[in-house]
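The stops below go from the whole chain to single residue pairs.

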Amino acid sequence: MSYIYALGISFAALVAGIFIGFFVRKRLTKSRVESIEKYAKKILADAQKEAKTIKKEAHLQAKDTLYQMKVEFEKETREKKEQLLIQEKRLFHKEENLDRKLEQLEKREAKVSEREHNVDRIEKELREKEQEYFGLIEERKKELEKIAGMSSEDAKRLLIESMESEARHEAAKLIRRIENEAREKADKKAQEILALAVKRYAGDYVAEKTVSVVNLPNEEMKGRIIGREGRNIRAIEAATGVDVIIDDTPEAVILSGFNPVRREVAKVALERLIHDGRIHPARIEDVVAKVNKEIETSIREAGEQATFDLGVHGINPELVKLLGRLKYRSSYAQNVLQHS
């Protein structure tokens with residue numbers, strides 16, 4: 001009995017569970033459907049809202065594009081109008097210029113036609129006067145032939161000979177005048193060219209041929225050559241007769257003078273003083289005197305050698321000395337003695 005009761009309760013509970021499950025499932029399904037519908041409505045609403053926004057933005061963008069196109073069109077139209085106005089002004093000015101030129105051409109044509117008419121009239125008058133003059137000339141010719149007793153051919157020949165003689169005389173005078181002018185101009189031009197050449201090249205040549213350079217072992221030697229208060233340099237200049245130039249040239253002293261013999265004496269003496277190391281006024285005079293004697297001897301020997309080479313004997317010693325001095329002279333960058 002209890003078993004049947006328990007079985008009935010179990011069956012009742014099963015039926016109740018099935019009913020409750022069916023009901024719950026139905027409720028859940030309904031709830032899910034409602035939720036899905038709500039979500040679908042929400043999606044639809046959002047889509048509609050987004051579509052309206054997109055539509056609005058597209059509308060605004062279209063308006064903006066239209067506005068930009070309108071502005072650009074107006075700008076292009078304005079620029080084209082301005083260009084057309086400028087072209088119109090240019091065409092107007094060109095038209096005015098053409099009208100002005102056409103008017104000037106018409107005036108010129110009128111003047112030209114008037115001048116042509118005047119020229120025709122003048123030519124006609126000239127032809128009439130020419131015929132009249134030719135008639136008068138023929139009459140005068142006949143009268144002159146009667147008076148002079150010669151024909152027109154003889155008079156023409158005489159006149160031609162006279163004119164030819166006069167023309168030759170005038171031509172000779174003209175040729176002589178042209179020759180004199182050409183000679184004067186040539187002499188003047190030659191003098192100018194020579195002066196210019198001397199002006200351009202004499203400075204460099206004189207500077208090159210009137211100075212000698214003495215090399216120094218060091219820069220301190222410049223101070224020793226100058227000496228205390230310039231006594232040594234003054235003694236050298238007084239003894240040799242040349243100018244001693246001490247400047248910024250490194251390890252060198254320049255000797256300047258127009259006399260090549262004195263310049264050679266100064267160069268040799270200064271080189272010996274530098275080599276010796278004892279530089280003072282007394283020593284300078286001593287060395288210069290010795291070098292002078294040596295140079296004189298060298299000059300005499302050079303002169304004697306030159307006379308011997310030429311085969312000339314019995315020449316005055318002074319002439320031999322003068323000939324030897326050519327050893328230290330140069331002309332056009334050549335030694336005078338050797339070149340001679």
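**Ground rules**

This is a predicted model: local features need pLDDT of at least 70, side-chain atom pairs count only at pLDDT 80 or more, and totals for chains, interfaces and linings use all residues. Residues are numbered from 1 along each chain as its sequence is written, and side-chain values use heavy atoms, with hydrogens and water left out.

**Stop 1: the whole protein**

Colour by secondary structure. The protein has eight helices and five strands. Both are DSSP runs, numbered from the N terminus: helices are H or I with at least four residues, strands are E with at least two. From the N terminus, the order is α-α-β-α-α-β-β-α-α-α-β-β-α.

Switch to a surface. The protein exposes about 28600 Å², and carbon and sulfur atoms supply 57% of that area. Accessible areas come from the Shrake-Rupley method with a 1.4 Å probe; for residues, only the protein chains shown count as cover. Of the 340 residues, 14% are buried. Buried means under 20% relative accessible area, exposed means over 50%, and partly exposed lies in between (1.4 Å probe, protein chains only).

Contacts come next (heavy atoms within 4.5 Å). Among those between residues at least 6 apart in sequence, 57% join residues at least 24 apart.

**Stop 2**

Zoom in on V291. Leaving out residues up to four places away in sequence, V291 touches V265, V268, A269 and R272.

**Stop 3**

Select β3. Is this strand mostly covered or mostly open? It is mostly covered, with five of its five residues buried. Check both faces: A252, I254 and S256 are on one side, V253 and L255 on the other, and all are buried.

Show the neighbouring strands. Strands pair if DSSP finds at least two bridges between them. Strand β1 (residues 211-215) runs antiparallel to β3, joined by five bridges. Here N215 stands opposite A252. Strand β2 (residues 243-245) also pairs with β3 in the antiparallel sense, over three bridges. In that pairing, V244 faces L255.

**Stop 2: two positive phi angles**

Stay with the hairpin that β2 and β3 form, with six residues between them. E251 lies in the loop between these strands. Its phi is near 55 degrees, a positive value in a residue other than glycine. E251 is partly exposed, at 39% relative accessibility.

Jump to E229, in the loop between α3 and α4. E229 has a positive phi of about 55 degrees, although it is not a glycine. With a relative accessible area of 71%, E229 is exposed.

**Stop 3: salt bridges**

How many salt bridges are there? The count comes to seven. The rule asks for a side-chain nitrogen of Lys or Arg within 4 Å of a carboxyl oxygen of Asp or Glu.

- Select R121 and E125. Their closest N and O atoms are 3.4 Å apart. The two are four residues apart in helix α1 (residues 2-148), so about one helical turn separates them.
- Select E219 and K222. The closest N and O atoms are 3.3 Å apart. E219 is partly exposed at 39%, whereas K222 is buried at 7% relative accessibility.
- Select D276 and R278. Here the closest N and O atoms are 2.8 Å apart.

**Stop 4: a nonpolar surface patch**

Select L310, V312, I315, L319 and L322, which make a nonpolar surface patch of about 450 Å². Patches are made of residues with over 30% relative accessible area and no salt bridge; like charges are joined within 9 Å, nonpolar side chains (Val, Leu, Ile, Met, Phe, Trp, Tyr) within 5 Å. End on I315, in the loop between α6 and α7 (317-325).
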